[in-house]
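Work through the exercises below with the sequence and the coordinates open. Each task is followed by a solution in steps.

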Amino acid sequence: MNKKLAYVSIIIVSVFAAFLLSGCYDNFDLEDRSLCTAMAVDYAEDEGYTVIISVPVLEDEEEIGRSLKEETAGTLAEAIELIDGKQTKQLYFGHMQTVITGMGLLRCEKALKELTAYLSDNVQIDKNILLVGAYEIREIMNSEPKEDKLTGFFISGYYDSGKNEKTFVNKETLLAYLKDNSEDKTAVIPVLSIENDEPAFSSAAVLKNNSLAAILNRREAQGFMWLTGKGSNGTLTCDNPAITADIIERETDCSFYEEDGVLKLDITINAVGNMWNYTDDEIAANGSEYLEAFKKEIYSQTEAALLSLEKTDCDALSLNSLLKQENRELYKKYGSAAEAKTKVTVNLSLNFV
C-alpha cells in the first residue's frame, strides 16, 4: 500500500470511528468498500424502482462529503446491482443509518413488501436502521444539511444530538416495523420534507396491510405522539396567545375498562414543560392563562389525531396489543375490537418548571 492510500485509509477510519455501530464483523478493509450511509427508494408502475444511495467520499484531506448514485430498474435488487456494478469498490451496507421511502413505494403493497424483504434478508444491514418517508426522495437526498453532509447520519442525529429540540419526532426502526408486520399491527413512520433548506419531519405515514392508509399532518402526527408516548420531546406552540414552551418530560398511561357494554380507554398524558423564554413576573401574572392555553392545544392535537386515525379504520395506536397487555379478561371479550369501536378519552396533567 502506498503512502497516499494509507493516509486516505487513516482519514476514513477516523471519520467513521464514531459512527460504526455494527462493528467490522468480517474484518473488511474500508479502502475496498463503498460505504452506504443512506438509501432512498421510490416506485412507479411505469418506471419500476428508483434507488439513490449515498456514499461518503473525501472532498479534500480534511473534509468528507458524499456522492449520490442513482439507478432505475424493474426490481429493487436490479437497481442496486446496477449501482454496485458501476462502482470501483463493492457497496457495503453495514453502516447504513437511514432508509428513505417515497410515497409511490408506500402506496404500493408489492413494492413495500419487496423493500422490506430486501432489508430484512440483507445480513449486512443493521435491523435498527431508521425508516422514514419522503414526498420527494431526490429533494431529500440532494439537500445538504448545514451541520452534516452525510444525509443518513444527519437524519439519525435528530434523535440523539439535540436537533430534536424544536421538533416532535416519531422514531420507527426496521426492527419495530418487522415486528409490527408480524403481529398484524399498524406502523406509523415519520415523513420528511424540506424546510429552511434542510430535511425536517413534517408529517407521518400510517401503513396498513403493507401500504399507505393515511397521512397525518404535523398537528395530527404530534397528537399521535402524545397519545402513544412515542418519539422525542419538542417545543409546544400556541397561536392565541402566541406562546411557546419546551417539553422536557412526558409519559403516557393507558387504562381499559368496560361501561354499558362498550370498551373504553382512558389515556392519561403526563408532561412537564419549561417556559425558559418568559420572566418570573410574566409567569406570575399570566402563568395560569398560559397553562390553560397549552392544555387546549394538546387536547386539540390529540382530538385531531384520534379523528384522523378513526377515518383510516386501522389500529394505529395498537389498542389490541395494549388491551392484551393491560387487561386479559377484557382482551378475551374484546380482543378483535377495532380502534373505531373503542371509546377513547384523554386526560392531561401538564406542569411547568
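**Exercise 1. Chain overview**

Task: determine what share of the contacts in the chain between residues at least 6 apart in sequence join residues at least 24 apart, and how many helices and strands there are.

Solution. Contact means heavy atoms within 4.5 Å. Among contacts between residues at least 6 apart in sequence, 65% join residues at least 24 apart. Of the 353 residues, 50% count as buried, where buried is under 20% relative accessible area, exposed is over 50% and partly exposed lies in between, with a 1.4 Å probe and protein chains only.

This is a predicted model, in which local features need pLDDT of at least 70 and side-chain atom pairs count only at pLDDT 80 or more, while totals for chains, interfaces and linings use all residues. Residues are numbered from 1 along each chain as its sequence is written, and side-chain values use heavy atoms, with hydrogens and water left out.

**Exercise 2. Confidence**

Task: find the mean pLDDT of the chain and state how many contacts the model has for residues 17-29 beyond four places in sequence.

Solution. pLDDT is the predictor's confidence in each residue, from 0 to 100. Its mean over the chain is 84, and 87% of the residues reach 70 or more. Residues 1-15 have pLDDT below 50, and this stretch has 13 contacts in the model beyond near neighbours in sequence. Residues 17-29 also stay under 50, with 17 contacts beyond four places in sequence.

**Exercise 3. The eight-stranded sheet**

Task: give the strand order of the open sheet formed by eight strands, then follow the pairing of strand 2.

Solution. 
1. The order is 4-3-2-6-7-8-9-10, with mixed pairing. Two strands pair if DSSP finds at least two bridges between them.
2. At the edges are strand 4 (64-73) and strand 10 (211-216), each of which pairs on one side only. From one strand to the next the twist averages 30°; axes are lines fitted to C-alpha atoms, for helices over the stretch in contact, and angles run from 0 to 180 degrees between N-to-C directions.
3. Strand 2 (residues 38-44) is largely enclosed by the rest of the structure, because six of its seven residues are buried.
4. Strand 2 runs antiparallel to strand 3 (residues 48-58), and seven bridges join them. A hairpin of three residues connects the two strands, and Ala 40 has Ile 52 as its bridge partner in strand 3.
5. With strand 6 (residues 98-102), strand 2 pairs in the parallel sense over four bridges; Met 39 stands opposite Val 99.
6. Strand 3 and strand 4 are antiparallel over ten bridges, and the bridge partner of Ser 54 in strand 4 is Leu 68.

**Exercise 4. Helix 4**

Solution. 
1. The expected span of a helix is 1.5 Å times one less than its number of residues. The 13 residues of helix 4 (residues 109-121) should therefore span 18 Å, and the end C-alpha atoms are 18 Å apart, which agrees.
2. The buried residues are Ala 111, Leu 112, Leu 115, Thr 116 and Leu 119.
3. Seen down the axis, the buried residues of helix 4 fall within an arc of 135°, so they line one face of the helix. The arc is that of the directions from the helix axis to the C-beta atoms.
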